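This briefing covers strand pairing and helix packing in one model. The structure comes first, then the points by topic.

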Amino acid sequence: MQDSRVDEAIASHKTYGNLEQQHALFSMLRREDPVHWTEPNGYRPFWTVSKHKDVMEIEKQNDKFINAPRTKLLSIEFESKVKEAMGGRPMLVRASNQMDNPDHSKYKKLTHAWFQPKQVRLLEESISRLARECINHMLAQGEACDFYNDVVVRFPLKVIMLILGIPNQHGQHLLDITRAYFGGGDPEMQRGNDLIGATMAYMDFFRGIARERRNHPTDDLATLIATAEVDGNLIGEFEASSYFVALASAGHDTTSATLAGGLLALIQNPDEMRKLRTTPDLIPVAVDEIVRWVSPVKHFFRTSTETYTLRRKTIRPGDHLMMAYPSANRDDDAFERPFSFIADRNPNRHVGFGFGIHACIGMYLAKIEMVVFFRELLARVDSIALTGDPAWIEASFLRGLKRLPISFKARETAAA
């Protein structure tokens with residue numbers, strides 16, 4: 001199947017700002033052309049991979065499908081601007097999620113222990129305190145707020161700042177940069193900035209953090225990154241700053257997007273919210289369903305290193321493949337009733353965190369954040385309802401809500 005309208009829709013930011021259009025498009029692709037050659041105007045061509053089984057097959061074979069040299073969907077014009085801004089480099093940052101082995105394993109190993117369940121559990125009390133403060137702020141709004149902008153957008157950022165040891169006074173600055181960084185093609189989110197400008201602002205900020213930690217080391221994650229050694233040498237300034245950018249941006253925005261999208265799912269499925277109120281022990285299971293449902297990361301790219309056959313399509317060396325995670329997470333060959341939000345879904349083999357060696361390094365931290373937050377929210381707030389239409393960011397890479405207007409009523413004991 002070759003239809004220019006389909007190709008343009010796959011690449012368009014607007015597709016991802018309209019859930020109905022997004023799901024209709026990828027449902028058609030899963031049904032009719034799950035490995036689809038895609039040639040949108042102004043972009044280098046690629047294969048769109050929309051089935052869960054195929055995404056998993058690619059993710060498992062990191063030697064045949066590599067990260068370099070293309071990790072996400074950018075226009076040819078924008079790729080040229082990146083090379084110009086970066087002195088010929090094809091990427092704005094070089095963190096572990098842009099690397100292949102052997103570098104990938106070396107750089108991921110630097111912080112691997114920090115993000116394992118044992119270490120993350122040590123942070124649970126501090127994360128719970130931040131969640132309580134967040135709900136306190138929500139209740140102080142009265143009985144209505146924009147849940148995304150007034151409440152949840154700051155919670156994951158505060159967690160990331162906690163583990164990096166970044167003082168609170170930098171919070172608003174980092175929030176502004178992150179919104180521009182992930183704003184995609186959405187004019188409301190860019191606010192006069194673009195991805196290149198936001199990345200430069202990020203890199204400048206974290207270069208300062210790295211220098212400060214090298215001169216005055218502490219026991220936080222920022223010191224670990226700034227003073228790390230790779231192959232016996234101090235980590236390069238560009239790689240250190242890239243590491244910070246990856247942790248701060250993705251660790252913040254993906255989690256806030258999932259929290260907001262998760263609350264919307266619970267509002268729209270009151271029986272599922274009732275399950276969690278009645279049986280709070282289900283919240284950890286529900287978090288995985290929320291991640292599947294929201295799928296905040298829309299894609300990553302891989303590049304083939306050899307000739308490969310996928311669903312009778314011949315993938316050539318150098319061909320690029322876009323793994324469509326939200327589509328894989330709505331695949332009825334992988335999930336029973338994939339378009340139903342089921343809080344206690346089990347099994348749930350979603351790919352919301354990716355899979356294989358490139359799976360999200362912070363997935364356990366993100367899960368703890370969401371479990372703690374929803375426990376606090378559901379324990380202290382009796383009723384939550386929409387007061388207007390939710391609005392989604394128009395972005396093809398990372399997308400979540402940009403507005404979620406709600407009304408709510410605190411429990412008497414919670415409000416006291």
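Two strands are taken to pair if DSSP finds at least two bridges between them. The model described here is predicted.

**Strand β2 and its partners**
- Strand β2 spans residues 46-49 and is covered on both faces, with Phe46 and Thr48 buried on one side and Trp47 and Val49 buried on the other.
- Four bridges link β2 to strand β1 (residues 35-38) in the antiparallel sense, and Val49 in β2 has Val35 opposite.
- β2 also runs parallel to strand β10 (residues 320-324), to which three bridges join it; here Trp47 faces Leu321 of β10.

**Helices α14 and α16**
- Helix α14 (residues 237-268) and helix α16 (residues 283-294) cross at roughly 100°, their axes coming within 9 Å, which makes the two roughly perpendicular.
- On the α14 side the contact is made by Ala257, Thr258, Gly261, Gly262 and Ala265, and on the α16 side by Ile290, Val291, Trp293 and Val294.
- Six nonpolar and three polar residues make up this contact, with no charged ones.

- An open sheet of three strands has the order β4-β14-β11, with antiparallel pairing.
- β4 (144-146) and β11 (381-386) are the edge strands, each with a single partner, so one side of each has no neighbour in the sheet.
- Neighbouring strands of the sheet are turned by 30° against each other on average, direction ignored.
- Five bridges connect β11 with β14 (residues 405-410), and Ile384 has Phe408 of β14 as its bridge partner.
- Helix α7 (residues 124-139) lies across β4, β11 and β14, at about 100° to β14.

How values were computed:
Residues numbered from 1 in each chain as written. Predicted model: local features only at pLDDT ≥ 70, side-chain atom pairs only at ≥ 80, totals over all residues. Heavy atoms only, no water. Buried < 20%, exposed > 50% of the residue type's maximum accessible area, 1.4 Å probe, protein only. Axes fitted to C-alpha atoms, helices over the stretch in contact; angles between N-to-C directions. Parallel < 35°, antiparallel > 145°, perpendicular 65-115°, else oblique. Contact = heavy atoms within 4.5 Å. Nonpolar A, V, L, I, M, F, W, Y, C, P; charged D, E, K, R; others polar.
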